[in-house]
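Have a look at the picture below, then read on.

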Amino acid sequence: MDETAGGRLLRKPMMQRIQGLAVAHGVAQGRAVLMPGGGDVARYHIEPEQAPLELARMGSARDAAVRELDGLRAAMPADAPAELAALIDVHLQVLQDEMLHGAVARWITEHHYNAEWALTAQMEVFGRQFDAMEDAYLRERKADLEQVVERVLHHLRGAVRPEPASEGGEPRILVARDLSPADLLQYRDGAFAGFVTEAGAATSHTAIVARSMGIPAVMAARGVRQLVRPDDWLILDGDAGAVIVDPPPGVRAEYQARQREMARRDAELDGLRTVPACTRDGHAVQLLANIERPADVAAALRAGAVGIGLFRSEFLFIGRGADLPGEEEQYQAYRAVVDGMQGRPVTIRTIDIGADKPLDGTHAGQVANPALGLRAIRWSLADPPMFRTQLRALLRAAAHGPVGVMFPMLAHMSEIRQALEQVALARDELAARGAASGAVRLGAMIEVPAAALMAEAFLRHFDFLSIGTNDLVQYTLAIDRTDETVAHLYDPLHPAVLRLLEDVIAVGERCGKEVSICGEIAGDAALTRLLLGLGLRSFSMQPTHIPRVKQQILQAEVGALQAWARQVAHADEPRAVLDQATR
Ligand code: PEP
Ligand code: MG
């Protein structure tokens with residue numbers, strides 16, 4: 001048993017394993033570097049005449065934090081994930097919020113708290129207010145506030161951020177209570193071999209950045225900072241979500257062998273970049289990329305994507321306040337993607353605002369059930385001038401290469417009618433002013449059960465369907481995809497979901513029209529054979545997932561998978577049948 005002394009766990013000299021969440025794939029080994037902060041905060045009363053000094057300390061720590069974030073924003077690499085600039089801006093806004101600073105100043109001047117205590121006392125007040133909020137999106141913003149407070153505390157302590165390993169030195173693993181996406185970006189250039197945090201969730205923005213950096217990461221590893229001491233040897237298993245502290249030589253060697261094997265496999269996968277995705281029995285499969293902004297085209301091409309299957313155009317709009325992109329700016333962005341893909345097909349989804357992607361707090365975020373409210377196509381149809389501005393930009397971009405336009409969250413035939421009317425009107429508007437436009441393929445996203453059940457009727461109006469399984473699972477199972485309290489019920493392998501997928505794919509086949517999947521399951525290599533067996537021939541995913549999915553495709557024989565896939569889809573417990581499969 002461990003005993004505690006002075007707040008630190010005393011360990012017997014034996015290997016310890018901590019289970020967290022598997023957030024970013026891979027294995028790393030190295031010496032632990034503990035990120036300062038997140039621990040005890042100095043709390044003491046000051047003399048009233050010391051208040052100006054504490055206020056000044058607070059002011060300089062805030063300024064230093066602002067400079068740090070400004071610097072990060074300016075140095076942001078071109079291929080940084082789309083939401084990052086917006087997130088850094090949110091942190092800057094919180095940092096510069098006068099209400100926060102006024103409240104902290106009052107703790108100092110009226111209650112005579114030292115600066116650190118004043119800041120954390122106010123954080124607790126705001127924290128309780130966030131916890132009481134009904135809206136899940138706003139509740140989650142508490143994490144932003146905590147990360148900002150941590151950054152300021154860090155400067156108040158005068159602490160130095162951990163330095164990366166010196167060149168040629170032993171690899172290092174960063175252990176922190178929490179890391180913001182901006183923190184991770186700071187260490188983008190290979191500074192650490194892996195990251196472990198006590199806080200966080202697999203779908204957080206920090207997790208998204210860790211995955212995009214291609215570095216193993218484990219989050220929600222509770223107690224890791226108590227167990228790990230600086231320079232302890234750690235093994236980080238990003239696939240199992242485990243952290244192993246002080247492994248004996250045998251375990252280290254075993255993981256080294258696994259690392260070598262993974263490196264060999266990654267190199268092998270790199271070699272697949274230009275190999276066409278075709279099964280052993282000759283079924284060609286289309287592997288497309290999901291992107292959030294034009295700069296992501298580079299990653300798509302690097303991964304060997306044969307086109308863009310989902311450009312989430314709303315990321316051009318989010319975080320812009322009242323200054324939304326107009327027709328010309330949108331046209332330039334869409335055209336940059338079309339040009340960048342050099343003749344390969346590009347499918348752009350019209351703005352999917354609302355629910356967990358509110359446009360600066362307007363509309364969604366203030367209603368009881370935003371996921372069921374005015375979002376996606378409903379939003380666009382509620383604002384025809386804005387919708388047509390986007391459609392004109394899309395039609396103009398289509399003059400430069402093959403473009404597909406698809407509409408999110410359609411459920412009603414009347415929505416289809418209205419959306420297509422808006423496309424025709426936008427085309428007329430361009431013609432009236434003599435502007436060039438191109439032909440577009442039109443598609444519907446299948447994201448609600450109503451749409452899945454109506455797929456055949458939808459295809460009378462569209463050239464293709466794209467199944468958004470992230471939402472289809474949410475709406476089929478009535479699970480809010482952002483609510484961690486019901487996350488254990490969110491199951492893409494629920495038989496109802498699989499049967500909807502099977503049906504929609506079969507309808508596409510019957511009608512001779514393309515059906516693809518662009519939700520996260522398309523990039524899950526563990527499900528590739530199942531989806532192939534169900535008849536799917538077009539997958540759209542984060543570029544980093546393409547090589548692994550392609551490898552599965554190259555090894556698959558569709559003829560041998562079909563009966564099994566049907567059996568999985570029609571089982572009461574599909575996961576059990578899938579797990580048994582050894583093929
Ligand atoms: C989906 O719902 O599966 C999808 C691809 O759209 P988003 O994740 O952007 O809602
Ligand atoms: Mg969706």
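One term first: two residues are in contact when they have heavy atoms within 4.5 Å of each other.

## Ground rules

This is a predicted model, where local features need pLDDT of at least 70 and side-chain atom pairs count only at pLDDT 80 or more, while totals for chains, interfaces and linings use all residues. Residues are numbered from 1 along each chain as its sequence is written, chains are lettered from A and ligands numbered from 1 in the order in which they are written, and side-chain values use heavy atoms, with hydrogens and water left out.

## The big picture

The protein has 23 helices and 18 strands. Those labels come from DSSP runs, numbered from the N terminus: a helix is H or I with at least four residues, and a strand is E with at least two.

Of its 583 residues, 53% count as buried. Here buried means under 20% relative accessible area, exposed means over 50%, and partly exposed is in between (1.4 Å probe, protein chains only). Take the contacts between residues at least 6 apart in sequence: 69% of them join residues at least 24 apart.

Leaving aside neighbours within four places in sequence, tyrosine 475 is in contact with Ala371, Leu372, Arg375, Met409, Glu447, Val448 and Pro449. The C-alpha atoms of tyrosine 475 and valine 448 are 5.7 Å apart, though 27 residues separate them along the chain.

Helix α4 (residues 115–131) has 17 residues and spans 24 Å from its first C-alpha to its last, close to the 24 Å expected at 1.5 Å a residue. The expected span is 1.5 Å times one less than the number of residues. Twelve of the 17 residues of α4 are buried, so this helix is largely enclosed by the rest of the structure. Among them are Trp117, Leu119, Met123, Phe126 and Phe130.

Helix α6 (residues 142–156) has 15 residues and reaches 21 Å, close to the 21 Å expected. Twelve of its 15 residues are buried, so α6 is largely enclosed by the rest of the structure as well. The buried ones include Leu145, Val148, Val149, Arg151 and Leu156.

## How helices pack

Helix α1 (residues 51–74) and helix α3 (residues 98–111) pack at about 150°, with their axes 9 Å apart. That makes α1 roughly antiparallel to α3. Axes are lines fitted to C-alpha atoms, for helices over the stretch in contact, and angles run from 0 to 180 degrees between N-to-C directions. Angles under 35 degrees count as roughly parallel, over 145 as roughly antiparallel, 65 to 115 as roughly perpendicular and the rest as oblique. Residues making this contact include Met58 and Arg62 of α1 and His101 of α3. Histidine 101 is buried, with a relative accessible area of 12%.

Helices α1 and α4 pack at about 65°, again with axes 9 Å apart, which means that α1 is roughly perpendicular to α4. Their contact is made by Glu54, Arg57 and Met58 of α1 and Ala115, Glu116 and Leu119 of α4.

## A buried phenylalanine

Phenylalanine 387 is in helix α14 (residues 384–397) and is buried, with a relative accessible area of 0%. Leaving aside neighbours within four places in sequence, phenylalanine 387 is in contact with Thr350, Ile377, Ser380, Leu381, Phe407, Ala419 and Gln422.
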